Amino acid sequence: MAAAPEPGEPEERKSLKLLGFLDVENTPCARHSILYGSLGSVVAGFGHFLFTSRIRRSCDVGVGGFILVTLGCWFHCRYNYAKQRIQERIAREEIKKKILYEGTHLDPERKHNGSSSN
């Protein structure tokens with residue numbers, strides 16, 4: 001029996017690894033892609049079975065649906081994730097510049113008068 005962790009210690013959790021290398025819990029977009037892929041698999045396989053009544057072909061269509069939907073969701077989500085990270089980095093840099101130049105002669109928002117007397 002495993003001992004209960006002390007109140008100050010963090011719990012050690014086993015993460016779910018898919019195919020031995022894809023950590024579904026800690027990888028962005030992995031969980032949603034797998035869930036949507038499995039739903040796409042069921043819908044594609046069952047829909048094909050309803051139209052054709054061919055079990056083996058319906059299973060093949062289900063596997064193909066899983067692969068297509070999973071990869072589609074994965075690439076779409078990762079693209080949006082990367083785009084969001086780039087926008088966050090640009091915003092952080094702009095905030096740093098704003099803080100650095102605020103109140104100086106390099107501040108672009110500061111109105112420059114025609115006279116140079118201070």
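## Disulfide

By a cut-off of 2.5 Å between cysteine sulfur atoms, the count comes to one disulfide. C29 and C77 form it, with their sulfur atoms 2.0 Å apart. The angle about the S-S bond is -70°, and the link of C29 and C77 is left-handed. The pair links distant parts of the chain, 48 residues apart. C29 sits in the loop between β2 (22–23) and α1, while C77 sits in helix α2. Helices and strands here are DSSP runs, numbered from the N terminus (helices: H or I, at least four residues; strands: E, at least two).

This is a predicted model, in which local features need pLDDT of at least 70, side-chain atom pairs count only at pLDDT 80 or more, and totals for chains, interfaces and linings use all residues. Residues are numbered from 1 along each chain as its sequence is written, and side-chain values use heavy atoms, with hydrogens and water left out.

## Cysteine exposure

Burial follows relative accessible area: buried is under 20%, exposed is over 50%, and partly exposed is in between (1.4 Å probe, protein chains only). C29 has 9% relative accessibility, so C29 counts as buried. C77, at 26%, is partly exposed. C59 is partly exposed too, with a relative accessible area of 48%.

C73 lies in helix α2. The closest cysteine sulfur to that of C73 is in C77, 8.3 Å away, which is too far for a bond. C73 is partly exposed, with a relative accessible area of 23%.

Contact means heavy atoms within 4.5 Å. Leaving aside neighbours within four places in sequence, C73 is in contact with S33 and Y36. C73 and L35 are 38 residues apart in sequence, yet 9.8 Å apart in space, C-alpha to C-alpha.

T70 is also found in helix α2. Its relative accessibility is 12%, so T70 counts as buried. Again leaving aside neighbours within four places in sequence, T70 is in contact with S33, I34 and G37. The side chain of T70 also reaches the backbone oxygen of F66 at 2.7 Å. That is a polar contact: a pair of N or O atoms within 3.5 Å, where within protein one must be able to donate a hydrogen and the other to accept it, and residues adjacent in sequence count only if both atoms are side-chain atoms.

## Salt bridges

The structure holds two salt bridges (a side-chain nitrogen of Lys or Arg within 4 Å of a carboxyl oxygen of Asp or Glu). E93 pairs with R89, the closest N and O atoms being 3.9 Å apart. Both lie in helix α2, four residues apart, about one turn of the helix. E93 is partly exposed at 41%, and R89 is partly exposed at 43%.

K97 pairs with E94, with the closest N and O atoms 4.0 Å apart. These two also lie in helix α2, three residues apart, about one turn of the helix. K97 is partly exposed at 44%, as is E94 at 46%.

## Nonpolar surface patch

V42, F46, F49, L50 and I55 form a nonpolar patch on the surface. Together they have about 530 Å² of accessible area, computed by the Shrake-Rupley method with a 1.4 Å probe, where for residues only the protein chains shown count as cover. Patch residues have over 30% relative accessible area and no salt bridge; like charges are joined within 9 Å, and nonpolar side chains (Val, Leu, Ile, Met, Phe, Trp, Tyr) within 5 Å.

Helix α1 (residues 30–52) gives the most to the patch, with four residues. I55 is placed in helix α2 (residues 55–101). At 60% relative accessibility, I55 counts as exposed.
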